[in-house]
Amino acid sequence: MSRPLSAALSASARLSSKNSIYARASAGSAFRSGRVGVIDSSGLKLTYTIRGCSIHGRGEKRGIGRLGDWAITSLLNLPISQSPNTPISQSPEVLMERFDVVVIGAGGMGAAAAYYLARDGRRALLVEQFTVGHSRGSSHGGSRIIRHSYVEREYATLAPHAFALWRQVQAESGARLLADTGGLDFAPPDYPTLLGRLETLGALGLPYRLYAQDELRHDFPQFRLPAGWLALYQTDAGVLSATRCVETLAGQAVRRGATVWENSRVLSVQPDGAGVRMEIDGHAGRQIVLADQAVLTAGPWAGRFLDELGITAAYAAPLRVTHQQLVYMEVAQAARPLFAADRCPVYIGLPMPYFYGFPIWERPGQLKVGREMDGPAIDPDGERSVDADAVAEVEAWVAETLVGVIPKAVSVEKCLYTLSPDGHFLIDRHPQHPQVLIAAGFSGRGFKFVVTTGRLLADLAASAPGDYSSPLWRETFRLDRFVSGKKLSPSVDTANL
Ligand SMILES: Cc1cc2nc3c(=O)[nH]c(=O)nc-3n(C[C@H](O)[C@H](O)[C@H](O)COP(=O)(O)OP(=O)(O)OC[C@H]3O[C@@H](n4cnc5c(N)ncnc54)[C@H](O)[C@@H]3O)c2cc1C
């Protein structure tokens, strides 16, 4: 029979933070299959044998030594045989690890957070339920748009930071992550998102050019717009190679000392005193991981944690996950030079439902076009089927708009959006447990801001609760905007890419 250490102790010794605790390892540096001893304040020494217990952390010593107080609380919950000094025979295998910060979810946001935390010298663990670069979340695939043109200044002023940080990661890693292609936004001349973007770009002094149709046909003959539409061109726009970006960030995090666990699912996140206790089902079985801080970057799966951590109940902040799909099409041989990345900008048709696309980039002779899909909320673990009607709409849009592209889907890729109620990001500390950081609800526009979000999370993790002095912080990210009764200011930027 097994019972918690606290129960085993209660009859003969009281455990307090003044007690010292020590462990003798039977092998290696971890206290695996070792004896754990407790000396209570009266000097009474009790020893217990714990199997499969691996302890790291502040105060760790090889052989006999004092461990930090955290070990006492965490050991209290370990199953242990009833009588002291008896090897455990029936207790489940429990491994215990300790890190400064655990990052939950290795999509773009988590990989970047782990990278910047490791850069800051924090002992970071990045946990991913699948593998880094998998295709079941939101950060996979060969391309994402990066650009400056936003109606809202919060994002338009963040974009230059994003460009700078991506270039830094690119230079440090040697991987090609970003291609500068320029970008075009199309819309009728009075379309509010177009007018708003023009105003913001002008106010911030960011370069752009407004094309009427004749001029556009001259410079970019591969595009055909409805009569009277305008095209906003910005040189500062381009393509990020999404999967490569995630893999590179995770790789650079490891290079700087972070640990990555793949195929490891975080089952629970519990604030534990000033720290956090997590249960993880991973490569080595079930493990308890303790950390000073946890960073929640679970993308479409974040809702479950927000429920468990009381956020959903306390704030009207439900996240809605929707299916999205991207359609690959063949470019006619003669038109391929015009759709090459050095001739063809990224492009967005602003009116809803918005369409967007890329030059030939990921696959030889093919390009990728998407259409925003505002379907029902879905379960991220549920089945994913192709919406044939939406594919047909993309084919029709391409037939009208892209000259020289064969408007027939050759393949379709699925992806997930995670939408916040007002379309703005949710990046903040947990209000009651500031050691838990949350980053979620990045909808269709998050990827370009992966690096600014990762850097911001590391800044928040390094500063005191209430300190929002990071230059990458924006008031729109606050969690308490969802306090019931408060009026939300939904994003007015229609093409939310
Ligand atoms: C079709 C499409 C097109 C887009 N286009 C653009 C664009 O052009 N420009 C742009 O800027 N943005 C774009 N985006 C948005 C951008 O890609 C997302 O906002 C961003 O990738 C979100 O990243 P994330 O890290 O929050 O989520 P994810 O990438 O989904 O990462 C979350 C991770 O957490 C892991 N996880 C979840 N629960 C657990 C658990 N319990 N234990 C361990 N791991 C867990 C998941 O497996 C996953 O890997 C697009 C998105 C889509 C879907």
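**Exercise 1. Where is the place of Ser443 in the chain?**

Solution. The model used throughout these exercises is predicted.

Step 1. Locate the residue: Ser443 is in the loop between strand E24 (436-440) and H12.

Step 2. Examine its backbone: Ser443 has a positive phi of about 35°, although Ser443 is not a glycine.

Step 3. Classify its accessibility. A residue is buried when its relative accessible area is under 20%. Ser443 has 13% relative accessibility and therefore counts as buried.

**Exercise 2. State how many helices and strands the protein chain contains, and what share of its residues is buried.**

Solution.

Step 1. The protein chain has 12 helices and 24 strands.

Step 2. Of its 497 residues, 57% are buried.

Step 3. Consider the contacts between residues at least 6 apart in sequence: 71% of them join residues at least 24 apart.

**Exercise 3. Describe helix H3 and determine how H3 meets H12.**

Solution.

Step 1. Begin with length. H3 has 12 residues and spans 16 Å from its first C-alpha to its last, close to the expected 16 Å at 1.5 Å a residue.

Step 2. Consider burial. H3 is mostly covered, with 11 of its 12 residues buried. Among the buried residues are Gly110, Ala111, Tyr115 and Ala118.

Step 3. Look at what comes after the helix: H3 is followed by Gly121, which has a positive phi near 85°.

Step 4. Compare the axes. Those of H3 and H12 come within 7 Å and cross at roughly 50°. An angle between 35 and 65 degrees falls in the oblique class. H3 and H12 are therefore oblique to each other, and the crossing is right-handed.

Step 5. Classify the residues in the contact of H3 with H12: 10 are nonpolar, three are polar and one is charged.

Step 6. Name the residues that meet. On the H3 side they are Gly108, Met109, Ala112, Ala113, Tyr116 and Leu117. On the H12 side they include Val450, Thr453, Arg455 and Leu457.

**Exercise 4. Describe helix H8, its surroundings and its crossing with H5.**

Solution.

Step 1. H8 comprises residues 242-255, which is 14 residues. Its reach from first to last C-alpha is 20 Å, close to the 20 Å expected.

Step 2. Several residues of H8 are buried, including Ala242, Val246, Leu249 and Ala253.

Step 3. The cover over the buried residues of H8 includes helices H3 (108-119), H5 (159-173) and H12 (450-462). Strands E7 (124-127), E8 (144-147) and E13 (237-240) are also part of this cover.

Step 4. The axes of H5 and H8 come within 11 Å and cross at roughly 65°. Their crossing is left-handed.

Step 5. In this contact, Trp166, Val169, Glu172 and Ser173 of H5 meet Cys245, Thr248, Leu249, Gln252 and Arg255 of H8. By class, the contact has four nonpolar, three polar and two charged residues.

Step 6. After H8 comes Gly257, with a positive phi near 110°.

**Exercise 5. Is Gly183 buried or exposed, and which residues does Gly183 touch?**

Solution.

Step 1. Gly183 belongs to strand E10 (residues 183-187).

Step 2. Its relative accessibility is 2%, so Gly183 counts as buried.

Step 3. Leaving aside residues up to four places away in sequence, Gly183 touches Leu232, Tyr233, Gln234, Ala237, Pro345 and Val346.

Step 4. Gly183 and Tyr208 are 25 residues apart in sequence, and their C-alpha atoms are 9.6 Å apart.

**Exercise 6. Describe the position and surroundings of Arg336.**

Solution.

Step 1. Arg336 lies in the loop between strand E18 (320-331) and strand E19 (346-349).

Step 2. Its relative accessible area is 23%, so Arg336 is partly exposed.

Step 3. Apart from residues up to four places away in sequence, Arg336 touches Glu330, Val331, Ile360 and Gly365.

Step 4. Arg336 and Gln222 are 114 residues apart in sequence, with 9.9 Å between their C-alpha atoms.

**Exercise 7. Describe the backbone at Pro353 and at Asn263.**

Solution.

Step 1. The peptide bond from Met352 to Pro353 is cis, with omega near -10°. Pro353 lies in the loop between E19 and strand E20 (355-357).

Step 2. Asn263 is not a glycine, yet its phi is positive, about 50°. Asn263 is located in the loop between strand E14 (259-261) and strand E15 (265-272).

Terms used. Residues are numbered from 1 along each chain as its sequence is written. This is a predicted model: local features need pLDDT of at least 70, side-chain atom pairs count only at pLDDT 80 or more; totals for chains, interfaces and linings use all residues. Side-chain values use heavy atoms; hydrogens and water are left out. Helices (H or I, at least four residues) and strands (E, at least two) are DSSP runs, numbered from the N terminus. The expected span of a helix is 1.5 Å times one less than its number of residues. Buried means under 20% relative accessible area, exposed over 50%, partly exposed in between (1.4 Å probe, protein chains only). Contact means heavy atoms within 4.5 Å. Axes are lines fitted to C-alpha atoms, for helices over the stretch in contact, and angles run from 0 to 180 degrees between N-to-C directions. Angles under 35 degrees count as roughly parallel, over 145 as roughly antiparallel, 65 to 115 as roughly perpendicular and the rest as oblique. A crossing is left-handed if the near helix is turned anticlockwise from the far one by less than a right angle, and right-handed if clockwise. Ala, Val, Leu, Ile, Met, Phe, Trp, Tyr, Cys and Pro count as nonpolar, Asp, Glu, Lys and Arg as charged, and the others, Gly among them, as polar.
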